[in-house]
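Please look at the sequence and the model below before reading on. The paragraphs that follow go through it part by part.

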Amino acid sequence: MERCNRLSLLGKIIIFNCKRASATNDCERSELIFSSLAFERENNTFLKAADGAAIISRKRYAHLDIVKCKCAIHVQKRATTACILVTKKSEKGESFQYSLLTLSSSNRLEPCIEFKLPYQIRENVYILHGPTVLWSHASNVFYASLEAGEVRQIPIQVSHSVIGELPLHKEHVFVLGLHNLSDQCSNTQSASQTLGYFVESGQAFDCTMILPHPYICITRCILVLSAEKVDDVLKSAVIVATSNQQLVYFVNGTVKDVCPLPFEKPENIQVVHTGRNGCLFVISFHQGHVCAMWKETFQIASHWSGVSSVHVDDFLGCGTDQMLLVFKDQGITGQHLDTFLLTDLCGISYSHGQDSGAPKTPPPSPENDLLTLRALESRLQSGLTVLQELQREVRVKDRVLQQSVRALTDVVSERETILTQHEQEGLIALWDCDDETKDEALNDKTQDLPAVSSKPQVDKLWHRITEERMVVGVILTTDSSVPVASVSLSILTETGQSSTPAVIQTQSQVFWLPAPSSSSSSSSSAYMFSEPAAKRSKQHNAGRPNNLNTCRLAVTAVTRLTPLLNSGFVKCRVMLHYVQRQDAFALVSNLTPVVLHCGQFALDIHSDFQTQLLKNPDLKKDEVKEDLLSLMAVLDCWVFHIDSPEHSLGDVDSWIQKRVGCKKIEVSPQYLLLNCSGPSALMLLHWHQITPFQGELSVHSSQLQTLQFLDSLLAYLPASCSIQLVREEEEEEEEVEKRKSLGHEETPEPGSVKGLQRCREAFQQDMVRSRMKLSPLLDLG
């Protein structure tokens with residue numbers, strides 16, 4: 001794409017330009033001016049929010065030029081800042097003075113890095129974490145950073161270099177390339193190996209876990225989605241745009257998916273987080289071409305042409321990302337955005353200027369049609385379920401009215417009234433209640449009074465740090481007479497008194513808690529959950545039939561920790577979002593969205609982030625309960641149904657507890673903590689014995705840890721056992737069918753002839769299955 005002196009930061013567009021101004025001593029000075037633009041929904045335009053200027057040179061014949069603009073993390077300030085690389089050419093053109101300036105929070109341009117080169121940097125310039133400036137010249141890679149203080153050359157000679165960033169704790173900026181080996185290795189062609197180099201630590205590494213050898217030469221731009229080190233082995237997920245007009249998805253150096261690109265010469269890849277609608281990859285190409293691709297389906301969503309620049313940020317301040325496409329027909333100064341398109345392809349769309357800015361969407365594929373039909377079918381089934389509930393309620397009311405009319409008729413005719421049992425109608429008797437207490441009578445007198453507040457009561461607010469993510473939790477108590485649904489949390493952060501709060505993208509979950517009870521039983525003191533995570537309903541409705549007075553639930557929100565710690569000390573406000581209905585059978589159109597402020601907390605980088613649960617699972621404190629909820633919110637959950645027709649499963653619980661590092665959590669004894677080595681190996685286990693021959697195992701852990709645990713469990717269980725993953729859409733139906741089969745199936749006595757014959761047939765089938773396979777199949781979907 002064309003060189004553009006624009007970038008996006010904190011939901012605003014910043015435009016940079018060079019200007020010559022006359023000074024008082026009859027000479028000219030060169031200035032770098034900037035303007036910050038913010039989007040206004042009412043006017044559908046970008047308005048100026050701030051501007052400023054900085055004097056770069058006072059020499060009359062100095063030529064000032066902007067080389068590159070990019071946002072990067074400033075290590076000393078612990079925040080993402082706008083970086084501008086400018087160059088001043090000497091009068092004779094023998095040397096070039098480069099200056100990297102940063103834009104502070106007070107809208108002032110501050111010098112950051114300065115260096116001089118005998119040549120001019122023209123292509124392959126990068127501004128990365130640090131900030132660090134990297135460029136290539138004469139088949140060598142050079143860099144300058146705050147820590148280095150000078151221009152340095154990477155000591156490893158590489159060709160076809162690929163430069164990018166890894167989201168690791170210390171080593172961020174890397175350079176990949178092909179390193180030529182010595183000629184004595186082979187008499188034919190000189191061999192080469194794929195080699196990587198970390199700029200911060202100066203360490204070389206084998207980069208085959210990022211990119212394999214054949215893709216180094218054809219890679220044009222790279223984006224690292226995730227990276228971590230497990231036992232000193234680098235694990236990564238990478239998106240690469242190649243010169244072969246392809247977008248390739250790598251996992252640990254292995255190709256997982258490939259998609260053809262509609263244009264040639266890709267230059268940049270960005271990610272658009274649209275919230276619940278998923279993620280988009282935005283690829284910029286040479287000559288003003290842009291395309292957007294869905295991450296989940298890895299298919300092209302839209303493409304545009306005639307684009308000057310593409311920016312990804314939360315321009316609307318709604319908590320999710322949008323992409324801003326600025327088209328080429330700008331004015332001479334470029335101080336305004338006359339033609340642009342602001343969209344996320346998920347319902348948000350603001351355009352200004354010509355109609356050519358509309359997205360050119362290719363025809364949907366048959367797979368998209370199938371997904372749309374499935375979504376419509378599920379919505380239709382949900383609507384039918386609500387309609388059936390309403391019809392059931394109408395039938396009950398009709399029966400009550402008929403019995404009331406019959407009772408009145410019998411009274412007038414002096415006949416004996418015969419009434420059915422109110423328990424059969426699902427009603428509460430309003431007569432023959434002689435044991436009514438004074439408290440109940442008092443409540444009956446105050447039923448007609450208006451409620452003081454129907455909002456959920458916030459009992460406690462907490463936050464925890466787990467690896468590189470933060471969990472914020474809220475304990476709520478709500479009245480079952482006013483049910484709530486679609487419960488979620490959002491986090492607003494502010495780094496100072498003058499800064500505006502920013503919405504942090506989160507993922508929310510809801511956990512049911514036992515209602516407060518005055519019972520002194522041991523179960524009331526334990527921290528219990530009514531059902532495992534895979535058994536939760538998709539729409540969290542707090543009006544549950546087993547809690548007639550109050551319902552307690554914990555709402556958690558998970559977000560990335562790194563953006564919050566950039567400022568060192570951050571204040572966070574927690575907002576609760578839910579939908580309130582007047583009764584349990586209210587229509588969807590009558591739902592009212594409500595926002596409730598739950599409180600605020602301060603996040604300090606110097607705090608002790610280790611949880612008490614990991615230190616000592618034997619503690620019985622509220623803090624340990626919150627640690628358990630935080631772990632369940634962060635870890636992925638799988639529920640497996642185990643069926644053993646010939647052998648009892650009574651020893652599965654003891655086998656789990658005997659594993660090395662497994663401890664019972666005292667605040668919730670039904671959960672076991674398996675801590676192998678470090679937070680990344682944490683595992684929460686919950687074994688539920690349904691019958692002596694059937695049970696459910698809930699595993700909260702990573703996918704790799706779960707597979708390893710299931711492998712050892714399969715080796716322990718008999719060969720006749722079967723393990724299947726419980727899917728959410730089938731869980732209720734499967735549970736009903738299992739209960740029906742357990743209630744009506746006739747089981748012969750073990751010593752009878754039928755029992756021996758069944759065991760003999762099962763043993764023969766088991767022998768046949770053992771010959772066909774080494775171990776039972778595991779259905780993971």
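In which helix is the place of Leu-387? Leu-387 belongs to helix α1, which covers residues 366–412. Helices (H or I, at least four residues) and strands (E, at least two) are DSSP runs, numbered from the N terminus. The model is predicted, and local features need pLDDT of at least 70, side-chain atom pairs count only at pLDDT 80 or more, and totals for chains, interfaces and linings use all residues. Residues are numbered from 1 along each chain as its sequence is written, and side-chain values use heavy atoms, with hydrogens and water left out.

Leu-387 counts as partly exposed, at 41% relative accessibility. Buried means under 20% relative accessible area, exposed means over 50%, and partly exposed lies in between (1.4 Å probe, protein chains only). Together with Leu-380 and Leu-384, Leu-387 forms a nonpolar patch on the surface, with about 280 Å² of accessible area together. Patches are made of residues with over 30% relative accessible area and no salt bridge; like charges are joined within 9 Å, and nonpolar side chains (Val, Leu, Ile, Met, Phe, Trp, Tyr) within 5 Å. The accessible areas come from the Shrake-Rupley method with a 1.4 Å probe, and for residues only the protein chains shown count as cover.

Next come the sheets. Two strands pair if DSSP finds at least two bridges between them. Strand β23 (residues 290–294) and β24 have five bridges, in the antiparallel sense. Ala-292 has Ser-302 in β24 as its bridge partner.

Another open sheet of four strands has the order β25-β26-β27-β28, also with antiparallel pairing. Here the edge strands are β25 (307–313) and β28 (349–352), and each pairs on one side only. The twist averages 10° from one strand to the next. Strand β26 (residues 322–327) is joined to β25 by six bridges, and the two run antiparallel. Across this pairing, His-311 stands opposite Leu-324 in β26, and Val-312 has Met-323 as its bridge partner. On the other pairing, four bridges join β26 to strand β27 (residues 340–343), again antiparallel. There, Leu-325 has Leu-341 in β27 as its bridge partner.

Why is β26 largely enclosed by the rest of the structure? Six of the six residues of β26 are buried, so the strand is largely enclosed. Gln-322, Leu-324 and Val-326 point one way from β26, while Met-323, Leu-325 and Phe-327 point the other way, and all are buried. In strand β27 lies Phe-340, which counts as buried at 1% relative accessibility. Phe-340 and Thr-45 are 295 residues apart in sequence, and their C-alpha atoms are 9.1 Å apart in space.

The side chains also form contacts between charges. The structure holds seven salt bridges, a salt bridge being a side-chain nitrogen of Lys or Arg within 4 Å of a carboxyl oxygen of Asp or Glu. In one of them, Glu-626 is joined to Lys-460, with the closest N and O atoms 2.6 Å apart. This pair links distant parts of the chain: Glu-626 is in helix α5 (residues 622–634) and Lys-460 in strand β29 (residues 457–466), 166 residues apart. Glu-626 is buried, with a relative accessible area of 6%, whereas Lys-460 is partly exposed at 32%. Arg-464 forms a salt bridge with Asp-627, the closest N and O atoms being 2.3 Å apart. Arg-464 is in strand β29 and Asp-627 in helix α5, 163 residues apart. Arg-464 counts as buried at 14% relative accessibility, and Asp-627 is buried at 2%. Lys-460, Arg-464, Glu-626 and Asp-627 are linked in a network of salt bridges.

The structure holds zero disulfides, a disulfide being a pair of cysteine sulfur atoms within 2.5 Å. For Cys-112, the closest cysteine sulfur is that of Cys-83, and at 6.5 Å this is too far for a bond. Cys-112 counts as buried at 18% relative accessibility, and Cys-572 counts as buried at 0%.

Definitions and conventions: Axes are lines fitted to C-alpha atoms, for helices over the stretch in contact, and angles run from 0 to 180 degrees between N-to-C directions.
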